[in-house]
Number of protein chains: 2
Amino acid sequence: MTEPPQVTGVYETVLYGSDVSALARFYVSVAGLRLIELAPDGLFAACRIPDGGVLLLFDPALSSPPGRSVPSHGTSGSGHVAFRVRDGELQSWMEHLAACELEIERFVEWGGGLASVYVRDPAGNSVEFVDGEIWE
Amino acid sequence: MTEPPQVTGVYETVLYGSDVSALARFYVSVAGLRLIELAPDGLFAACRIPDGGVLLLFDPALSSPPGRSVPSHGTSGSGHVAFRVRDGELQSWMEHLAACELEIERFVEWGGGLASVYVRDPAGNSVEFVDGEIWE
């Protein structure tokens with residue numbers, strides 16, 4: 001082992017679902033991300049996150065098989081992602097999610113004014129919006 | 001639908017594996033993240049990313065069952081994450097990964113000086129280190 005160089009952050013966060021178009025619509029219209037690419041074959045969609053990162057949405061039936069030009073990957077089941085919201089804007093998010101006719105699965109107050117709201121994307125992934133710093 | 005408020009970034013990126021201690025060791029010693037919490041019951045580990053985000057590592061056998069205090073989630077199969085590295089440091093990463101005795105699954109040059117190196121974590125998740133901006 002050597003001392004690792006330092007990563008600066010997460011560049012690509014990945015979620016999976018069989019209908020990447022539906023997932024892309026969700027992350028654009030609900031989470032406000034910017035669609036930067038939608039593969040015509042349904043393999044993936046890429047959405048830009050305001051901090052410069054990318055949310056990738058893959059169909060695991062297409063991304064899992066071996067022999068791709070990049071390493072294969074793909075999961076089944078419900079993944080999870082949490083987005084940061086601006087300070088004090090969680091109530092606006094609650095109203096927006098309601099206007100999107102999404103069921104609020106949970107609303108959690110962590111103490112100290114921190115709070116999270118959870119919904120599900122069309123593939124059943126758990127999507128959290130967080131106001132504040134939950135972890136130490 | 002209403003115009004969404006703006007998220008500022010991804011706060012929690014999540015990967016899964018049956019041995020979260022082994023995953024945590026990997027992300028600390030190989031990726032250089034800082035361990036901030038390791039649940040004694042093996043449910044999860046949380047690692048701080050230098051940009052302020054958190055990488056969460058969950059055992060899906062423990063995080064999937066319904067009835068948790070927070071929404072359940074959990075996947076099987078190989079997930080994927082990509083970390084940004086500092087400009088020009090990918091060669092240092094290659095040397096570090098070799099010193100960690102990890103197999104380099106792929107090295108991809110995207111053109112324009114951009115490049116990625118891919119390894120696997122102990123759960124088989126595809127872990128990419130990226131120098132440069134791949135997406136438009």
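Modeller: At a relative accessibility of 36%, Arg86(B) counts as partly exposed in this predicted model. The partner of Arg86(B) in a salt bridge is Glu89(B), and their closest N and O atoms are 3.6 Å apart. A search of the whole structure finds eight salt bridges over all chains.

Another of these pairs involves Glu133(B) and Arg48(A), whose closest N and O atoms lie 3.0 Å apart. Arg48(A) is buried, because its relative accessible area is 11% and the cut-off for buried is under 20%. Glu133(B), by contrast, is partly exposed at 32%. The pair also belongs to a network of salt bridges that links Arg48(A), Arg84(B) and Glu133(B).

Within chain A, Arg84(A) forms a salt bridge with Glu133(A), with 3.8 Å between the closest N and O atoms. Arg84(A) is found in strand β6 (residues 80-85) and Glu133(A) in the segment after β9 (126-131), so the contact ties together parts that are 49 residues apart in sequence. Both partners are partly exposed: the relative accessible area is 23% for Arg84(A) and 31% for Glu133(A).

Technical notes. Residues are numbered from 1 along each chain as its sequence is written. Chains are lettered from A and ligands numbered from 1 in the order in which they are written. This is a predicted model: local features need pLDDT of at least 70, side-chain atom pairs count only at pLDDT 80 or more; totals for chains, interfaces and linings use all residues. Side-chain values use heavy atoms; hydrogens and water are left out. A salt bridge is a side-chain nitrogen of Lys or Arg within 4 Å of a carboxyl oxygen of Asp or Glu. Buried means under 20% relative accessible area, exposed over 50%, partly exposed in between (1.4 Å probe, protein chains only). Helices (H or I, at least four residues) and strands (E, at least two) are DSSP runs, numbered from the N terminus.
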